[in-house]
Amino acid sequence: MKQDLISLSEQFPGLTVTVSLEDLLTAGRKLGEELIDGIARERETVPVLPAPAEELLTKEETCRKLGVSGTTLWRWAQNGYLSPVKVGVQIRYRLSDIASLISRKGGAL
């Protein structure tokens, strides 16, 4: 009758088992391979969804949302307070950056 190590340890808590180093290394390698194969199979079954696109606002939309002038946005960009994103030749502001700035000041979007 074949028993696994867990059931043996439950039935005989003080049991001592002698294993050769070669057998121990083989068992460790086999366990590692089984874990890697299992992870690979899980990855195959989980669909990879594209990251949602970051919403970008124009300078005018950002000014309205924050209640500031275009000059203030320019000054903030110079100071690194709120950095714009260049999309081609257009300047845009990340909604997440705007929300973060508002929340740091104790407000909410």
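Student: In which hand of crossing does α3 pass α5?

Tutor: This is a predicted model. In it, α3 crosses α5 in a right-handed sense.

Student: How is such a pair of helices described?

Tutor: The angle between the axes and the distance between them describe two packed helices. Here the axes of α3 (residues 59-66) and α5 (residues 95-104) come within 11 Å. They cross at roughly 20 degrees. Angles under 35 degrees count as roughly parallel, so α3 is roughly parallel to α5.

Student: Which residues make the contact?

Tutor: From α3, T62, K65 and L66. From α5, L95, I98, L101 and I102. By class, that contact has five nonpolar, one polar and one charged residues.

Student: Is T62 buried or exposed?

Tutor: Buried means under 20% relative accessible area. T62 has 0% relative accessibility, so T62 counts as buried. Leaving aside residues up to four places away in sequence, T62 touches L57, L73, L82, Y93 and I98.

Student: What should I look for around such a site?

Tutor: Nonpolar side chains tend to be buried together in soluble globular proteins. In this model, the largest nonpolar core has nine residues: L57, C63, L73, W76, L82, Y93, I98, L101 and I102.

Student: Which helix gives the most to this core?

Tutor: α5, with three residues. Both α4 (70-79) and α5 supply at least two residues each.

Student: What does W76 touch?

Tutor: W76 touches L66, V68, Y81, L82 and L101, again not counting residues up to four places away in sequence. L66 belongs to the α3 side of the helix contact, and L101 to the α5 side.

Technical notes
Residues numbered from 1 in each chain as written. Predicted model: local features only at pLDDT ≥ 70, side-chain atom pairs only at ≥ 80, totals over all residues. Heavy atoms only, no water. Axes fitted to C-alpha atoms, helices over the stretch in contact; angles between N-to-C directions. Helix = DSSP H or I, 4+ residues; strand = E, 2+ residues; numbered from the N terminus. Parallel < 35°, antiparallel > 145°, perpendicular 65-115°, else oblique. Left-handed = near helix turned anticlockwise from the far one by under 90°. Contact = heavy atoms within 4.5 Å. Nonpolar A, V, L, I, M, F, W, Y, C, P; charged D, E, K, R; others polar. Buried < 20%, exposed > 50% of the residue type's maximum accessible area, 1.4 Å probe, protein only. Core = buried A, V, L, I, M, F, W, Y, C linked by side-chain atoms within 4.5 Å.
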